Each structure stands twice: as C-alpha cells, then as structure tokens.
Amino acid sequence: AVYGSVVLFLAGILVYRDVSLARAFGWDSEGFGRALWRGLLYVAAAYPLLMLAQAMVHGAAGPEAAPQDVVQFLMNANSPRDRISVVVMAVAVAPIAEEFIFRGYLYPVAKKYAGPFAALVATSLLFAVVHGHAFSIPALFTLAVCLGLAYERTGALLVPMIMHAVFNAFQLAVILFML
C-alpha cells in the first residue's frame, strides 16, 4: 500500500508537470524484448560483483549476520500462500515500485542538481538504507549502483526493473531451495 501510494504520488507530480511518463522512463524508446535482453545481460554481468559484496559482508560478520526480516519470514512460512505473497512482492511489486521511485524519480532529480555521480551514489545509498538491514547495505548499494548505471546507459526504466526482478527471483530461488 505504501509503495503504491508513493508511486501514484510521484506519477501525479510528473503528469501535473506535463511530463510524459513513457518518455521520462524510456518506455517508448526500448521495446520489451530489447529491454528484457539488456536486463538479463546486465544482471548477469553485475552478479559476480554482487556476490563478492555479499561474501565480503558475510566473511566479516560471520554467523551473527541475521537474514533480512522478509527472508526470515519466508524461511519460517508454513503456508504456500505466505511464500507466494513474498515471491509476488519481491519479483513483481518491489522492482516496479522501487525502480520507479529510486531510478525513475529520485535519480533524475538528484542528477539535475548534483550531477550523475553524486546522484548515483546518493540514491544508491538511500536505496540500501531504506531496506533496513545493516548487513545487506554493501550488497544493496552495489545492486543499486548497477541498476542506476543500467538506467543511465539505456534511458529505459524497464531495464533496471527487469534486472531487479531477476536478481530478487534468483535470490528467492536459492532461499526456497535451501528450505
């Protein structure tokens, strides 16, 4: 509900300012097939770096590194309905909403005032911190930088949305396989 409200509010601001959402997010310049291909390619290229960031944190934190609340919930879920809810949120809702907010709105605004590097660092750090899990900040920051670079390179928000969804799906598959 919170994600939806924020997305609708930000979309409303853009529409109020006569900004075409399709143009602003690159949906008109990148077909779905091409965005899918690029998203898969970019997430595959980023994955070794993401795993390195996670491994460094787990190496430094040791076994005391508690999983994120949503991971803990998923691991303790007894009903298929709870597991399906987490999968839908992580693979569909969160990537769309978070990319709309962080890469689609906050990054361009920050870039306008602070330049691309500062905007990328600031929005990536905010993305990592908002997830509320200290042990995940380095990996989430790295993910957010990769998502931001993909958005900057393609100009299409659909590419980082796909990357984000694929990353989350792979992480969930690993967790569910371990159950």
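Which residues does Asn-168 touch, not counting residues up to four places away in sequence? Asn-168 touches Ala-90, Val-91 and Pro-95. The legends below start with the whole chain. This is a predicted model, in which local features need pLDDT of at least 70, side-chain atom pairs count only at pLDDT 80 or more, and totals for chains, interfaces and linings use all residues. Residues are numbered from 1 along each chain as its sequence is written, and side-chain values use heavy atoms, with hydrogens and water left out.

**View 1. The protein chain has eight helices and zero strands.** Helices (H or I, at least four residues) and strands (E, at least two) are DSSP runs, numbered from the N terminus. Along the sequence the pattern reads α-α-α-α-α-α-α-α. The C-alpha atoms fill a box of roughly 50 × 35 × 30 Å, taken along the principal axes. Of the 179 residues, 41% count as buried. Buried means under 20% relative accessible area, exposed over 50%, and partly exposed in between (1.4 Å probe, protein chains only).

**View 2. Helix 5 (residues 80–114) packs with helix 6 (residues 116–130).** Two packed helices are described by the angle between their axes and the distance between the axes. Here the angle is about 145° and the axes are 8 Å apart. Axes are lines fitted to C-alpha atoms, for helices over the stretch in contact, and angles run from 0 to 180 degrees between N-to-C directions. Contact means heavy atoms within 4.5 Å. Helix 5 contributes residues including Phe-102, Leu-106 and Tyr-107. Helix 6 contributes residues including Leu-120, Leu-126 and Phe-127. By class, the contact has 12 nonpolar, one polar and three charged residues. Ala, Val, Leu, Ile, Met, Phe, Trp, Tyr, Cys and Pro count as nonpolar, Asp, Glu, Lys and Arg as charged, and the others, Gly among them, as polar.

**View 3. Asn-168 is found in helix 8 (residues 158–178).** Asn-168 is buried, with a relative accessible area of 15%. Its contacts, not counting residues up to four places away in sequence, are Ala-90, Val-91 and Pro-95.

**View 4. Asp-18 is in the loop between helix 1 (2–16) and helix 2 (21–24).** Is Asp-18 buried or exposed? Asp-18 is exposed, with a relative accessible area of 73%. Phi of Asp-18 is near 60°. That is a positive value in a residue other than glycine.
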